[in-house]
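Please read these notes with the sequence and the model open side by side. Each point takes up one part of the chain.

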Amino acid sequence: MDKIIITGGKRLSGTIPISGAKNSALTLLPCALLTDEPLTLRNLPRLADIDGFQHLLNQFGVSTTIAGNRPGDFGRVMTLEAPRITSSVAPYELVRKMRASILVLGPMLARMGEATVSLPGGCAIGNRPIDLHLKVLEALGAEIEMAAGYVRARAPDGGLPGGRYSFPVVSVGATENALMAAVLASGKSTLHNAAREPEIVDLCKLLVAMGAQIEGIGTSDITIHGVPRLHGATYRVMSDRIEAGSYACAAAITGGEITLQHAVIEEMEATVQALRDAGVTVEPVKEGIHVAADGPLRAVNLSTAPYPGFATDMQAQLMALLCRAEGTSVLNETIFENRYMHVPELGRMGANIETSGRTAIVQGVAQLTGAEVMATDLRASMSLVIAGLAAEGETQVHRLYHLDRGYERLEEKLALVGAQVERVGGD
Ligand code: UD1
């Protein structure tokens, strides 16, 4: 297994191109199941999770062709075509590796009138149930059965009628599944307390480009008027606001100054506010967002929350930054119950953090020191990279496959702004 070796203490400066958003791409890809015409997605990040999802779609009979694959390029273009779906089963071997596989349930049900998907199983960042995915699909008219670790969803009479559902808690994934199921229903559907994340807006925009009729895009009340068929489209995946926020933290912890090319400030206001509260200057510029940290970092108190609140996907990276801030920060993780696995690893680098349930208290320290660390999820791994960039000496981050799931060519991008990072094989 590869690892990354970081020699800390280099001030980051320059421009980092921000890739297409992983979390958006993973919900745009299954839209290929909704039409028999080609769907072309531009600005897809090159990530292990995208490859995994492509493989899952291939299993259903979706053909995929990739362009723009020159070695130096970031991103690529994928054309997906599903004139005929050859299977409606998402097997355990594929689903267990990638939780996002559950997102085939809605579109398969819409197109085929049935879908059988393995239960995703446990996840490193908490229990992550799928009950809301199933409840909303039932509200849209699906019949759901569970057997032998699989969910079987069927639309009676071959098609969903549509319906009304009010989410008891905001769920990004369940909102996405519901949208993809409702667009081909025979009637109208309304979703209340729906997720408003920019990735949901991206999904709605693609569905509209394919001929769907959706009202209330970007709000928590969404109405979908089902249409008999959707057509193909060409669509550019939005920029990755979490990747952008991560590199902003990386620059800030080194007292650096970078431009996040293609980043969109309106899509990451809570992160921008947190960085400003921490004493970092963040401004929109023509190419994207400019981040500069020239003074001392300050402590920040915040809770994660659904959009437009502070994203749970940014909690670990901001925590790494706050390890070097003056004073005591208090973070509260409200979305997932087990999302502090980076804390003991940051502690090995000299951070002073105490957790109690969902609260983490970060006492800023004057210096972090390099160490060998490993983490068990994607954003936790990035927090260790961020800490390593500011630490004295060498940090080795093991289990790089987590980072490869969500950060396109991390070490190359960091090297572009002057970080000393090296990827080495064997662990
Ligand atoms: C969540 C994050 C998303 C992030 C992603 C990956 C939120 C609201 N969602 O999306 O920003 O990109 O993780 O880290 O911040 N839940 C249920 N039953 C369900 C589905 C969810 O109880 O069927 C609960 C979850 O346990 C969680 C909350 O609802 O507490 C939000 O989960 P959800 O938005 O569905 O998770 P993801 O779609 O994975």
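In which loop does R409 lie?

1. R409 lies in the loop between α13 (401-406) and α14 (410-416); helices (H or I, at least four residues) and strands (E, at least two) are DSSP runs, numbered from the N terminus. This is a predicted model, in which local features need pLDDT of at least 70 and side-chain atom pairs count only at pLDDT 80 or more, while totals for chains, interfaces and linings use all residues. Residues are numbered from 1 along each chain as its sequence is written, and side-chain values use heavy atoms, with hydrogens and water left out.

2. Most residues other than glycine have a negative phi, and most peptide bonds are trans. R409 is not a glycine, yet its phi is positive, at about 45 degrees. With 18% relative accessibility, R409 counts as buried (under 20% relative accessible area; exposed is over 50%, partly exposed in between; 1.4 Å probe, protein chains only).

3. N43 also deserves a look. Its phi is positive, near 65 degrees, in a residue other than glycine. N43 sits in strand β3 (residues 39-44) and is buried, at a relative accessible area of 15%.

4. The peptide bond between Y307 and P308 is cis, with omega about 10 degrees. P308 is found in the loop between β18 (301-303) and α10 (315-322).

5. Next, strand β9 (residues 150-154). β9 pairs with strand β7 (residues 114-118) in the antiparallel sense over five bridges (two strands pair if DSSP finds at least two bridges between them). In this pairing, A115 has A153 of β9 as its bridge partner.

6. Strand β8 (residues 143-147) also pairs with β9, antiparallel and over five bridges. Here E143 stands opposite R154 of β9. β8 and β9 form a hairpin with two residues between them, and A148 in the turn has a positive phi of about 50 degrees.

7. Which residues come nearest to the ligand? Of the 18 residues around the ligand, these are R128, D131, S171, D313 and I335 (near means that a heavy atom of the residue lies within 4 Å). By class, the shell has eight nonpolar, five polar and five charged residues. At least three residues come from each of domain 1 (3-18 + 239-424) and domain 2 (22-236), with bounds from an automatic or database domain assignment.

8. D313 has a polar side-chain atom 2.5 Å from an oxygen atom of the ligand, and N23 has one 3.0 Å from a ligand oxygen. In the side chain of D131, an N or O atom is 2.6 Å from a nitrogen atom of the ligand. The protein covers 84% of the 710 Å² of accessible area that the ligand has on its own (Shrake-Rupley method, 1.4 Å probe). α5 (131-139) and α6 (172-182) are the elements that give two or more residues to the shell; the largest share, three residues, comes from α5.

9. Last, S381 lies in helix α12 (residues 378-390). S381 is buried, with a relative accessible area of 0%. Its side chain reaches the backbone oxygen of D377 at 2.8 Å.

Technical notes: Polar contact = N/O pair within 3.5 Å; in protein donor to acceptor, adjacent residues only side chain to side chain. Nonpolar A, V, L, I, M, F, W, Y, C, P; charged D, E, K, R; others polar.
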